[in-house]
Amino acid sequence: MLLHTLLMAAGTQQQGPDGLFFIGGTTDFTDQGTFTSSKTTTGLSIGTPFPDRKIIAAAKLATTFHGGGGNAAFDSLTLDGTAMTLVATAKAASAEDIVGIFQMHKENGTSADFVMSCKNSSTGSALNYHSGGLAIYTTYGKATSAHDTETVNSSTSPLDAEITCEGGGVIVAVGGDRGDDPDQSTFNNLTKDFGAVCNSLIISASLAPATTQTNLDIDYSFDEGASVGSGCVAAVSWSKA
């Protein structure tokens, strides 16, 4: 009986809690507001460790057209020196605002340092950018690969976006636009978790639906008058493993 109890306890410790957990957001990077190709934020919380933990980062960078024209792209987002996997990314049509959803399986640790780097997508060389933002989520027991993704940009609000997610899965979305008031930008049918100004706006939102959502409307609304007339969205869903 004692052995059975110990084995059951050990098995329980292998699985984290159900759901999706917003851990926090930041625009606190070194060199924020100056033009460098990499920016660092240190000691960011990454939630409670379990063997089946997935860390999700909703990221935004703004180049303000500095040195890259229309070729700016994420080079990497590293967590304690290891590159996270970019699952979906989108770039605004008329401004150098880029958003992306990254993921990583990380069993250990409660905080981490993140480095966000930008590149010229045509040449692969480092490209300076102005500002960045991150929103961090954790979830447990989810599939390695995404169930669905959505990327869209438009000069007209709202951006027409939709995504499918199985019951028990999770959705994370990130939006960017040239506004200056986070209250003016929002996703339909998702919970807004984070909104901040990093030269322009980063908005992150999420959902952990109990039942399957097919082509869920997650339109992104923003203030066209406060922007250069352009926004972008990246969204990803994952199913249970």
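Which residues of the largest nonpolar core touch the most other members? Before selecting them, note that this is a predicted model, in which local features need pLDDT of at least 70 and side-chain atom pairs count only at pLDDT 80 or more, while totals for chains, interfaces and linings use all residues. Residues are numbered from 1 along each chain as its sequence is written, and side-chain values use heavy atoms, with hydrogens and water left out.

**First stop: the cores**

Select L77, M84, F114, M116 and L134, which touch the most other members of the 23-residue core. A nonpolar core here is a set of buried Ala, Val, Leu, Ile, Met, Phe, Trp, Tyr and Cys residues joined through side-chain atoms within 4.5 Å, where buried means under 20% relative accessible area, exposed over 50% and partly exposed in between, with a 1.4 Å probe and protein chains only. At least two residues of this core come from each of β3 (53–62), β4 (72–79), β7 (97–105), β8 (111–120) and β9 (131–140); such strands are DSSP runs of E, at least two residues long, numbered from the N terminus.

Now centre the view on M84, whose contacts (heavy atoms within 4.5 Å), leaving aside neighbours within four places in sequence, are I55, A57, L77, T78, L79, F102, Q103, M104 and F114. A second, separate core has 21 residues, including I56, A90, V170 and V174.

Next select D18, Y140, K142, G168 and K240, the closest to the centre of the largest pocket among the 16 residues that line it. A pocket is an open set of points on a 1 Å grid over the protein atoms alone, where a 1.4 Å probe fits, with protein on both sides within 12 Å along at least five of seven lines, and lining residues have an atom within 4 Å of a point. This pocket holds about 190 Å³ of space.

For the second largest pocket, with about 160 Å³ of space, select D52, R53, K54, T85, Q103, M104, H105, G141, K142, A143 and T144. Both β3 and β7 give two or more residues to this lining, and β7 gives the most, with 3 residues.

**Last stop: P209**

Finally, move to P209, in the loop between β15 (200–207) and β16 (213–217). P209 is buried, with a relative accessible area of 8%, and, leaving aside neighbours within four places in sequence, P209 is in contact with C165, E166, G167, G168 and G169.

Technical notes:
Helices (H or I, at least four residues) and strands (E, at least two) are DSSP runs, numbered from the N terminus. Grid points are joined across faces, edges and corners, and a volume is the space filled by probe spheres set on the points.
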